[in-house]
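Please read the following report beside the sequence and the coordinates.

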2 protein chains.
Amino acid sequence: MKIVELQDVPRKPMESPDVKGITKQVPVGVADGSPTMSMRVLTVEPGGFSPYHSHPWEHLNYILAGCGVMVNEAGDEHPISAGNFAFVKPDEKHQFRNTGAEPLQFICLVPTERE
Amino acid sequence: MKIVELQDVPRKPMESPDVKGITKQVPVGVADGSPTMSMRVLTVEPGGFSPYHSHPWEHLNYILAGCGVMVNEAGDEHPISAGNFAFVKPDEKHQFRNTGAEPLQFICLVPTERE
């Protein structure tokens, strides 16, 4: 059993040419012995974004703080804000963008092999 | 892609002799086509509790509101409150108890076949 606060979890920048202003924390994941899924927390600075891409695994999300948009396969922007739950299907093109003035922070679950 | 607020997700009581005062919602899960994991939200009324049990799958948790305890394999109570992340390993005996005056609400991820 593990109980942890986010402030005590190491935070690392996501380094990729198609990512801007995102840091990643893993409060629960592979290192804890989770066999199926990993819980990451992504913090997106104002103006930052994740890659506009697709992959064969899903995302399950909960928005912890801030506001922004999720871009769908057609390029349409759908607003997200603290308290929303979200889902991206396998192979569905998507992007998270912080369109607000505060950090956009969200839980992003992936299968462990994609942590 | 799906974006949803908790208030728009159906809520059902968990019916079991070893459960007291818990309702369950599934903002993202099998019905959405999630292949690996399901995101449930459990709301535990003051004085309520989940079964004190173990099973061969893990739980990944995020506490949304309220406070309470997680009981571990040895029977020790560990405090939890809004903002905490928690993990229960496969086969680890555990229980969630609401020891506060407000509802204890938390995200509880499981493999889809255990939704």
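The report below describes the fold, the interface and selected loop residues in turn.

This is a predicted model, in which local features need pLDDT of at least 70 and side-chain atom pairs count only at pLDDT 80 or more, while totals for chains, interfaces and linings use all residues. Residues are numbered from 1 along each chain as its sequence is written, and chains are lettered from A and ligands numbered from 1 in the order in which they are written.

**The single chain**

The secondary structure of chain A consists of 0 helices and 10 strands, where helices (H or I, at least four residues) and strands (E, at least two) are DSSP runs numbered from the N terminus. Read from the N terminus, the order of elements in chain A is accordingly β-β-β-β-β-β-β-β-β-β. Along the principal axes, the C-alpha atoms of chain A fill a box of roughly 40 × 30 × 30 Å. The radius of gyration of chain A is 14 Å, which agrees with the value near 13 Å that a compact globule of 115 residues would have; this radius is taken over C-alpha atoms, and the globule rule is 2.2 Å times the number of residues to the power 0.38.

Of the 115 residues in chain A, 34% are buried; a residue is called buried if 20 or more other C-beta atoms lie within 10 Å of its own, exposed if 12 or fewer do, and partly exposed in between, with C-beta atoms placed from the backbone. Among the contacts in chain A with a separation of 6 or more, 65% join residues 24 or more positions apart, a contact being two residues whose C-beta atoms, placed from the backbone, lie within 7 Å.

**The interface between the chains**

In chain B, 35 residues are in contact with 35 residues of chain A. The elements that contribute two or more residues to this side of chain B are β1 (2–5), β3 (20–28), β4 (37–49), β5 (59–65), β7 (77–81), β8 (84–88) and β10 (104–111), and the largest share, 5 residues, comes from β8(B). By class, the side of chain B that touches chain A has 21 nonpolar, 8 polar and 6 charged residues; here Ala, Val, Leu, Ile, Met, Phe, Trp, Tyr, Cys and Pro count as nonpolar, Asp, Glu, Lys and Arg as charged, and the others, Gly among them, as polar.

Strand pairing also crosses between the chains: β8 of chain A (residues 84–88) and β1(B) pair in the antiparallel sense over 4 bridges, where two strands pair if DSSP finds at least two bridges between them. Within this pairing, A:F87 has B:K2 in β1(B) as its bridge partner.

How are the two copies related? A rotation of 180° with 0.0 Å of shift along its axis superposes chain B on chain A with an RMSD of 0.0 Å, and the two copies are thus related as by a two-fold rotation axis. The superposition is by least squares on the C-alpha atoms of residues with pLDDT of at least 70 in both copies. Because 100% of the interface residues of chain B are also interface residues in chain A, the copies meet through the same surface.

**A hairpin and loop residues**

Within chain B, 5 bridges join strand β6 (residues 67–71) to β7(B), and the two strands run antiparallel; in this pairing B:C67 stands opposite B:S81. The strands β6(B) and β7(B) form a hairpin with 5 residues between them, and B:G75 in the turn has a positive phi of about 90°.

The loop between β6 and β7 of chain B also holds B:E73, whose contacts, leaving aside neighbours within four places in sequence, are with B:E92 and B:K93. The loop between β3 and β4 of chain B holds B:P35, which touches A:E58, A:P90 and B:T112, not counting residues up to four places away in sequence. B:P35 and B:E113 are 78 residues apart in sequence, yet their C-alpha atoms are 9.2 Å apart in space.

| Residue | C-beta neighbours within 10 Å | Class |
|---|---|---|
| B:P35 | 12 | exposed |
| B:E73 | 14 | partly exposed |

A:D91 is found in the loop between β8 and β9 (95–97) of chain A, and its phi is near 65°, a positive value in a residue other than glycine. B:D91 lies in the loop between β8 and β9 (95–97) of chain B, with a positive phi near 70°. Most residues other than glycine have a negative phi.
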